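Reader: Please show me the model. I have some questions about how it is put together.

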Amino acid sequence: MTFIGELIVSVLILTGTFFLLVGSIGLAKLPDIMRRLHGPTKSTTLGIGATLIGSMLYFAFIGGGLSLHEVLITLFLFLTAPVSAYMIAKAHILRSGSTQASLPATGRKTGWATFHRPVPTGKPAHRDPGTSGKAT
Amino acid sequence: MMNRLLPHPSLTVMIVLVWLLLANDFSIGHLVLGLIIGLLVPRFTGVYWPDRGRLRNPRAILGYLLVVAWDICVSNIQVAYLVLFRRADTLRSRFVTVPLDLRTHDAIAVLAGTITMTPGTVSADTSADGRSLLVHCLDTDDPDALVAQIKDRYERRLKEIFE
């Protein structure tokens with residue numbers, strides 16, 4: 001039983017480490033910020049997830065005593081990682097002219113929120129002269 | 001009376017749960033302390049959530065989590081392949097616009113977070129009126145299929161949960 005438990009935990013930790021490594025490689029290898037964002041946001045999901053499940057199983061079956069801190073780590077990671085990625089993306093879009101030129105249209109009357117003042121939902125959209133979705 | 005004492009019951013439950021998990025130990029003392037914090041925090045943060053979302057169908061959350069977990073596993077492997085074996089300059093990265101049917105802020109926030117956490121896509125911006133979402137994807141040859149997949153797999157389920 002102990003052997004099977006250790007085997008499962010090892011497999012989970014190795015899987016997690018592999019995906020964390022791939023995330024870091026992606027961060028180093030990919031050429032621009034928007035693509036680099038994919039590395040860290042990826043490694044936090046499956047990489048950290050598998051490692052934490054391994055840790056939980058270890059403390060539940062072998063280490064003695066159920067540990068639920070890992071649930072909290074997962075919860076906080078899943079709350080904070082998208083927000084920070086979102087803010088980095090917005091800052092990058094604001095700074096980089098070539099990225100702005102490659103943005104698609106919003107399909108709405110307003111532009112993207114990085115360049116246009118947000119209008120409250122439920123009210124008629126504020127009409128801007130340059131409403132193609134790109135910064136003018 | 002009930003409203004003044006418990007302005008946001010689900011937030012109270014959440015805070016008590018997080019407090020107990022932080023303590024990593026269940027005892028009456030921690031439960032009481034968590035309850036005190038869980039009752040005080042919603043009182044003092046009430047001004048920041050004037051229109052709080054409601055869960056219309058909480059039972060659908062479990063199904064949504066399972067779908068997202070499965071997608072995370074599958075697409076992690078796909079993206080790992082892209083990162084390891086494809087030259088970076090051959091990746092067809094691009095922005096796509098996802099028109100939103102969701103209206104409540106909470107549902108849109110959860111959708112944007114889900115898109116970021118599922119590998120291969122990062123949500124980058126919303127339109128100023130909050131009706132469409134800017135998504136950057138790492139490698140795609142069919143943006144329309146990607147948008148359709150996001151709308152069908154995630155947005156439809158979120159609409160069931162929130163609206």
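Author: Here are the ground rules, then your questions.
This is a predicted model, in which local features need pLDDT of at least 70, side-chain atom pairs count only at pLDDT 80 or more, and totals for chains, interfaces and linings use all residues. Residues are numbered from 1 along each chain as its sequence is written, while chains are lettered from A and ligands numbered from 1 in the order in which they are written.

Reader: How many helices and strands does chain A have?
Author: Helices are DSSP runs of H or I with at least four residues, and strands are E runs of at least two, both numbered from the N terminus. Along the sequence, chain A reads α-α-α-α-α. The count is five helices and zero strands.

Reader: Which helix gives the most to the side of chain A that touches chain B?
Author: Residues are in contact if their C-beta atoms, placed from the backbone, lie within 7 Å. The contact takes 46 residues from chain A and 40 residues from chain B. Helices H1 (2-29), H2 (33-36), H3 (38-61) and H4 (69-95) of chain A each supply at least two residues of chain A's side. With 11 residues, the top contributor is H4(A).

Reader: In what order do the strands of the chain B sheet lie?
Author: Strands pair if DSSP finds at least two bridges between them. Strand E1 (94-99) and E2 of chain B each have a single partner strand, so they stand at the edges. E2(B) and E3(B) run antiparallel, joined by five bridges. The order in this open sheet is E1-E3-E2.

Reader: At what angle to E2(B) does H4(A) run?
Author: Axes are lines fitted to C-alpha atoms, for helices over the stretch in contact, and angles run from 0 to 180 degrees between N-to-C directions. H4(A) lies across E2 and E3 of chain B. Its angle to E2(B) is about 60°.

Note on methods
Two residues are in contact if their C-beta atoms, placed from the backbone, lie within 7 Å.
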